[in-house]
Amino acid sequence: HRYSATPESTLRVSLGGPLPGSQHDQLIVSGSGAPGSGAGIADLGGGTLEVAIQDPIGNDPTFAPQVNDEFVIITSLNGVVGTFSNNPVTYKVAGSLGATYTWQVLYNTNDVRIRVASVTYDCLADFNNNGVVSVQDLYDFISDWHAQTHGQPQIMNSADVNSSGAVTTQDMFDYFSILLNVCAGLSNSTN
């Protein structure tokens with residue numbers, strides 16, 4: 001067996017937990033053949049690597065890789081040749097905190113690993129999405145929260161901070177919690 005990629009190829013890897021094969025994808029290249037046949041070699045050929053965090057059935061629903069966590073994504077009996085065209089690899093998780101993972105690709109003789117280089121989060125306290133948390137965000141949130149709790153359409157963004165499907169007093173508490181506690185410390189990196 002042999003894995004051969006081209007620059008047009010894409011290898012998609014899904015992570016749903018720390019266990020290879022059952023909780024995250026792992027390409028295993030094995031086999032034997034005549035010398036020079038290329039059997040057991042993973043030729044990355046300059047292709048593209050995509051990494052996604054998933055929650056397939058049976059995996060840990062709270063799975064959130066941390067900085068420096070490593071995952072073996074390819075093992076190859078007779079070696080790894082070439083590299084992916086993209087290093088580092090980034091992936092943005094949809095959801096309330098909007099985590100963006102940056103993965104460093106590590107090439108070894110017989111395997112390829114990805115390591116979490118950094119995790120950054122969007123801050124929901126930046127209600128007007130201008131990249132700065134300010135008094136204006138608080139004003140905008142309260143305006144939208146008030147409108148939506150009184151049956152009026154949203155002005156800027158949904159004030160349903162906790163994604164419950166309804167705008168309630170709990171959303172106000174959650175917004176203040178995010179504003180005061182969360183946004184200041186939500187960036188982790190190896191740098």
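Author: Start with a strand pair. This is a predicted model. Strand β4, residues 42–43, and β7 pair in the parallel sense over two bridges.

Reader: What makes β4 and β7 a pair?

Author: Pairing requires at least two bridges. β4 and β7 have two bridges, so they count as paired. Asp43 stands opposite Val81 in β7.

Reader: Why is β7 called an edge strand?

Author: The open sheet has three strands in the order β1-β4-β7, with parallel pairing. β1 (3–4) and β7 (80–81) each pair on one side only. That makes them the edge strands.

Reader: What pattern does the protein chain follow along the sequence?

Author: It reads β-β-β-β-β-β-β-β-β-β-α-α-β. In total there are two helices and 11 strands.

Reader: Which residues touch the most other members of the largest nonpolar core?

Author: They are Leu15, Leu49, Ile74, Phe84, Trp103, Val112 and Ile114, in a core of 26 residues. Five elements are listed as giving two or more residues to this core: β2 (10–15), β5 (48–53), β6 (70–76), β9 (99–107) and β10 (111–121).

Reader: What makes it a nonpolar core?

Author: Members must be buried residues of the nonpolar kinds, joined through side-chain atoms within 4.5 Å. In soluble globular proteins, nonpolar side chains tend to be buried together.

Reader: What does Ile74 contact, leaving aside its neighbours within four places in sequence?

Author: Ile74 is in contact with Leu11, Gln26, Leu27, Ala42, Leu44, Phe84, Asn110, Asp111 and Val112. A second, separate core has 10 residues, including Ala125, Phe127, Ala159 and Tyr175.

Reader: How do you know that the span of α1 is close to the expected one?

Author: α1 (residues 135–149) has 15 residues. The expected span is 1.5 Å times one less than that number. This gives 21 Å, and α1 reaches 21 Å from its first C-alpha to its last.

Reader: Why are the buried residues of α1 said to lie on the same side?

Author: The buried residues are Asp137, Asp140, Phe141, Asp144, Trp145, Ala147 and Gln148. They cover an arc of only 165° around the axis, so they sit on the same side of α1. The face turned away from that buried side carries Val135 and Tyr139.

Reader: What makes Val135 and Tyr139 exposed?

Author: Exposed means over 50% relative accessible area. Val135 and Tyr139 are classed as exposed, so each is over that cut-off.

Reader: What follows α1?

Author: Gly151 does, with a positive phi near 75°.

Definitions and conventions:
Residues are numbered from 1 along each chain as its sequence is written. This is a predicted model: local features need pLDDT of at least 70, side-chain atom pairs count only at pLDDT 80 or more; totals for chains, interfaces and linings use all residues. Side-chain values use heavy atoms; hydrogens and water are left out. Buried means under 20% relative accessible area, exposed over 50%, partly exposed in between (1.4 Å probe, protein chains only). Helices (H or I, at least four residues) and strands (E, at least two) are DSSP runs, numbered from the N terminus. Contact means heavy atoms within 4.5 Å. The arc is that of the directions from the helix axis to the C-beta atoms.
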